[in-house]
Structures are given as structure tokens and as C-alpha cells.
Amino acid sequence: MKHSIATSENIAPLQERLRTHPLYDAIKTIEDVQIFMENHVFAVWDFMTILKSLQQKLTCVEMVWLPSRDTLSRRLINEIVLCEESDIDGEGGYASHFEIYLRAMQRCHADTTQIDEFVSSLENGASALVALENARIPDCTRQFVYRTLSTATHSQSCELAAAFAYGREHLLPDVFERVIREVGEIGNERLGYFVTYLRRHIEVDADSHGPMAEQMICNLCGTSDLNWRLAEQAAVRALEARIRLWDGILMQIECHDPEVTHAKGESPSDAKEFFIEAAIQLGWSDGLSTDEISQQLHMSAKQVEAIVASGDDIAG
């Protein structure tokens, strides 16, 4: 219990920055909501990446089944997955929260082209990194999703659970309440289904998923000081990534000129190089070796080292 309280206190300033972020006050028109959704939908998609990664670690999803040892975490994660992947959709059927979000985008005439192309690329066999690299989305959104993919690929169970609980489930009810308040003031009936999505998320996160996720962290970390340190560091990284995403969306709303593909003045090749360099730097900060980073980016170790050396030369 003392570890949980200490972690909550240590990450509280970052959570408060998100609760009071100026992005919410900037949402004044339906066009602003559309910009928000066109970016945020990628965070809705990659939420499932964290969730399914946890399910893989805490349960058996192989054809030849064996019971996992951690029965409590197994129960908790399967309950959360059931709701997130096949919730009641409010229209007599079932859908994932991602699919419900897409419907909300369509009903308020937000552009789903980029997320549709991204999902289609995955369906056609592209790796998540390749699909992300080719996606025509702002860099703030690309980097947020990359951070999630990196966490899902290289983290221990306690780190995944912390990113999931403190960076998502524990935080989003307060964040979505702010979004609802601003969206409600716009008063456009096209936003009704979006508000329904937000209210449903608040309901399940605050009443069940948030407490369940926190219980899962306590179960996975136990009394290990090391595990709690890893969990706190993962939570900090997740919260900082969300702040950067919110900063990027705010900039787009203020400019009303969303970065459709990449930063202004960059060519597609420049954007690709920037993404790879940023991915390598994130790998270093996560403590990955050159070989691990090269495997993740489908590059040789020599290519990774050459990119890093080139960046050092420019900096010098």
C-alpha cells in the first residue's frame, strides 16, 4: 500500500498538468473537435495495444492452453478486455471502444481517412512500425503511438500495467469530463454519439477498470522496490507522452492548419528520417541495445549506428 501511495503522489504533478491542460479550453467549435478526434483516435487504437500486450503476458492465448500462475491478474485483465473489445454499443449490438469512436467521428464528419489507411495497412500485413512510418499524421501523434508500441514490445508486466493504469484508466475519467464540458458548450447534435462514447468510458474506467488496473499493479509489483520503481518510471513516460500529444493537438487547433502529413516545410523523406531518429532515441531512453533497436526498426545494427553517428556530427 505504501508503494502505491508513494507512486500516486510522485506522478500527481504530471496528472494535474493533463487535467488542467489548455487544450480543453481551446475546443470551441466542431472543427476543433474534429481536429482533436482525428489525432486522438490513434490513442484509442493504441490503447488496445497496451491492453492486449498485458493479456498476452498475464494469460495464455496460445492454442495449446496452460493456466497462467497469476490467477488474480488473469481475471482482472480478461474482464477489462471483454468490455473494451466487445462492449454494448448503445444501438443493440456490440463493438470495441475503437469502433464506437470511429462511428462518433463519422457522425460529426471528422476525417477518418488517416486512421482507415493505417488500419488497412495492418490488415494487409504491414508491421505496426511500417504502417506508422507511412501514416499521413502529425508527428505528435506518430511519436505518441511509437512510444506505446515501444512500451508494449519491451516492457515487463509491472511496467505495462503502470502505463495502462496511471497513463490511461486512472486518468481518463477526469480528462474526458473536461472534454465533455467543452464539447457540450458547442451544442451541435452531431457530437451526441461522441459524448455518449466519453460518458461510457468515464463510467467503466472510474467504477471498475481504474480500480481493477490499480489492483493489478499492486499484485504484479508486490513488495518489490525495484518493480515499483520500474512501474513509476513507466507511468511518468506514459504521462509525458500524453502531454506532448495534447501540446501537438493544441497547436493544430490554434493554427487551424493541422499537420496532415508532417511538419511544415519537411519533405516525406525528411519526416521518415525524423521518425527513425526519434525511434532510436526513445530506444536509448528505454535502455535497449543497438541489436534490439535494429530488430524493432527492421534495420541492421550498422544502419542504426550510422544514423546516430550522423546525428552526432550535425549536433557537433
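His109, with a positive phi near 65 degrees, follows helix 5. The model is a predicted one, in which local features need pLDDT of at least 70 and side-chain atom pairs count only at pLDDT 80 or more, while totals for chains, interfaces and linings use all residues. Residues are numbered from 1 along each chain as its sequence is written, and side-chain values use heavy atoms, with hydrogens and water left out.

**Exercise 1.** Determine where His109 lies and whether His109 is buried or exposed.

*Solution.* Step 1: His109 belongs to the loop between helix 5 and helix 6 (113-123); helices are DSSP runs (H or I, at least four residues) numbered from the N terminus. Step 2: most residues other than glycine have a negative phi. His109 is not a glycine, yet its phi is positive, about 65 degrees. Step 3: His109 has a relative accessible area of 54% and is therefore exposed (exposed means over 50%, buried under 20%, and partly exposed in between, with a 1.4 Å probe and protein chains only). Step 4: in helix 5 (residues 97-107), the buried residues include Phe98, Ile100, Tyr101 and Leu102.

**Exercise 2.** Describe how helix 3 and helix 12 are arranged.

*Solution.* Step 1: the axes of helix 3 (residues 30-58) and helix 12 (residues 225-255) come within 9 Å and cross at roughly 150 degrees. Axes are lines fitted to C-alpha atoms, for helices over the stretch in contact, and angles run from 0 to 180 degrees between N-to-C directions. Step 2: the two helices are therefore roughly antiparallel (angles over 145 degrees). Step 3: the contact, meaning heavy atoms within 4.5 Å, involves Asp32, Ile35, Phe36, Asn39, His40 and Ala43 of helix 3 and, among others, Arg242, Leu245 and Trp246 of helix 12.

**Exercise 3.** Describe how helix 8 and helix 12 are arranged.

*Solution.* Step 1: the axes of helix 8 (residues 139-154) and helix 12 come within 9 Å, crossing at roughly 165 degrees. Step 2: helix 8 and helix 12 are therefore roughly antiparallel. Step 3: Cys140, Thr141, Phe144 and Arg147 of helix 8 meet residues of helix 12 that include Arg242 and Leu245.

**Exercise 4.** State the confidence of the chain and of residues 312-316.

*Solution.* Step 1: the protein chain has a mean pLDDT of 83, and 81% of its residues reach 70 or more; pLDDT is the predictor's confidence in each residue, from 0 to 100. Step 2: over residues 312-316 pLDDT stays under 50, and the model has 0 contacts there beyond four places in sequence. Step 3: where pLDDT is low, the predicted coordinates should not be read in detail.

Note on methods:
Parallel < 35°, antiparallel > 145°, perpendicular 65-115°, else oblique.
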